[in-house]
Amino acid sequence: MLPDPHRKPPWLKVKVADGPRYRAVRHAVTRQGLHTVCQEARCPNQGECWGAGTATFLLLGEVCTRGCHFCAVTRGDPGGAVDASEPRRVADAVHSMGLEYAVLTSVSRDDLPDGGAGVFAATLRELQGLATPPRTEVLIPDYARRDLDTVLAAGPDVLAHNLEVVERLTPLLRHRRFGYRSSLAVLQRASASAWGGVVKSSLLLGLGEREEEVSRSLDDLLAAGTRILVLGQYLQPTREHAPVVEYVPPERFERWAEEGRRRGFRYVAAGPLVRTSYRAAEAFTSGRCG
Ligand code: SF4
């Protein structure tokens, strides 16, 4: 039987987001007319992250051409629209927020010839041009080799691409254009390239995956060169999305974290409320050395 979505376990309760730093970040984001994945994906850590002065910028609009069964982002056709001022506005917001670590991500933009890779690269260059440039992390779609090269050439410190779910669940839960093996290939290409940064990926748990399937995914991610691993609980955004099959208890996340570190990941963030960009700066610092 599936758990009742209205009766979440106590470990999933989050504090209401507020406080002066939270309001300052919200103000900077709103003033620049930007989107954050924190808002669009209804991230449970928004209060903690914004309160700590960090935010993950959602480039290329808030409409995704795909539409995965677990994701709250709106699906549609942006019709090739790109806002040429976005890279500059993101850099202005990062500057005014005084961020030392900036995370950039985007929806999938299959309506663009390069999938939006050029906008990632332009935003990275704007950030590098700031008087005090932040460390940068990009969480990209499943870019083809040429578009991946475009992003890597702009020199992010961390490149993330999410595997999202175990292999068996991929065709059931991700958009049909995604593939488990093709996502691994993105990570593999980045880690084998001359770029030299850190590769990161995430898995959602609680969607019906079996322990041995999670174990195999960890091995696949390691073999693809992933050094930072993120494991979080899937939460159903609306009743139209895939149901939660299990609320994974915190102890099991802790066990996976220990297992991940034992197998060779340099940094593992795992917990019911953990998401890809959670404590991203700390993960980078740990993930680049050792
Ligand atoms: S491609 Fe990414 S942003 Fe689009 S629906 Fe899937 S998970 Fe969400």
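The structure is a predicted model, in which local features need pLDDT of at least 70 and side-chain atom pairs count only at pLDDT 80 or more, while totals for chains, interfaces and linings use all residues. Residues are numbered from 1 along each chain as its sequence is written.

The protein contains eleven helices and nine strands. Both are DSSP runs, numbered from the N terminus: helices are H or I with at least four residues, and strands are E with at least two. The radius of gyration is 18 Å, close to the 19 Å given by the globule rule for 290 residues, so the protein is as compact as a globular protein of that length. Here the radius is taken over C-alpha atoms, and the rule is 2.2 Å times the number of residues to the power 0.38. Along the principal axes, the C-alpha atoms fill a box of roughly 50 × 40 × 40 Å.

Buried residues make up 49% of the 290 residues. A residue is buried if 20 or more other C-beta atoms lie within 10 Å of its own, exposed if 12 or fewer do, and partly exposed in between; C-beta atoms are placed from the backbone. Contacts were also counted. Two residues are in contact if their C-beta atoms, placed from the backbone, lie within 7 Å. Among contacts with a separation of 6 or more, 74% join residues 24 or more positions apart.

Seven strands form an open sheet. Their order is E1-E4-E5-E6-E7-E8-E9, and the pairing is parallel. The edges are strand E1 (56–59) and strand E9 (267–271), each of which pairs on one side only. From one strand to the next, the twist averages 20°. Two strands count as paired if DSSP finds at least two bridges between them. Strands of a sheet pair through backbone hydrogen bonds, either parallel or antiparallel.

Two pairs show the arrangement in detail. Strand E4 (residues 101–106) runs parallel to strand E5 (residues 135–139), with five bridges between them. In this pair, Thr105 has Leu139 of E5 as its bridge partner. E8 and E9 also run parallel and are joined by five bridges. E9 is mostly covered, with four of its five residues buried.

Helix H10 (residues 250–263) lies across strand E8 (228–233) and E9. H10 runs at about 170° to E9. Axes are lines fitted to C-alpha atoms, for helices over the stretch in contact, and angles run from 0 to 180 degrees between N-to-C directions. Trp256 belongs to helix H10. Trp256 is buried, because 21 other C-beta atoms lie within 10 Å. Beyond its neighbours within four places in sequence, Trp256 is in contact with Val214, Leu231 and Ala270. Trp256 and Gly271 are 15 residues apart in sequence, and their C-alpha atoms are 9.4 Å apart.

Helix H6 (residues 145–153) has Asp147, Leu148, Thr150, Val151 and Leu152 as its buried residues. These residues pack against helix H5 (117–128), E5, strand E6 (158–160) and helix H8 (180–192). Just after H6, Gly155 takes a positive phi of about 75°.

Helix H9 (residues 211–223) includes Glu212. Glu212 is exposed, because 9 other C-beta atoms lie within 10 Å. Glu212 and Val166 are 46 residues apart along the chain, with their C-alpha atoms separated by 9.9 Å.

Leu60 has a positive phi of about 65° and is not a glycine. Leu60 sits in the loop between E1 and strand E2 (63–64). Leu60 counts as buried because it has 26 C-beta neighbours inside 10 Å. Glu164, also not a glycine, has a positive phi near 70°. Its place is in the loop between E6 and helix H7 (170–173). With 23 C-beta neighbours inside 10 Å, Glu164 counts as buried.

The residues around the ligand are Cys64, Arg66, Gly67, Cys68, Cys71, Val73, Val107, Ser108 and His175. A residue is near a molecule if its C-beta atom, placed from the backbone, lies within 6 Å of it. By class, this shell has five nonpolar, three polar and one charged residues. Ala, Val, Leu, Ile, Met, Phe, Trp, Tyr, Cys and Pro count as nonpolar, Asp, Glu, Lys and Arg as charged, and the others, Gly among them, as polar.
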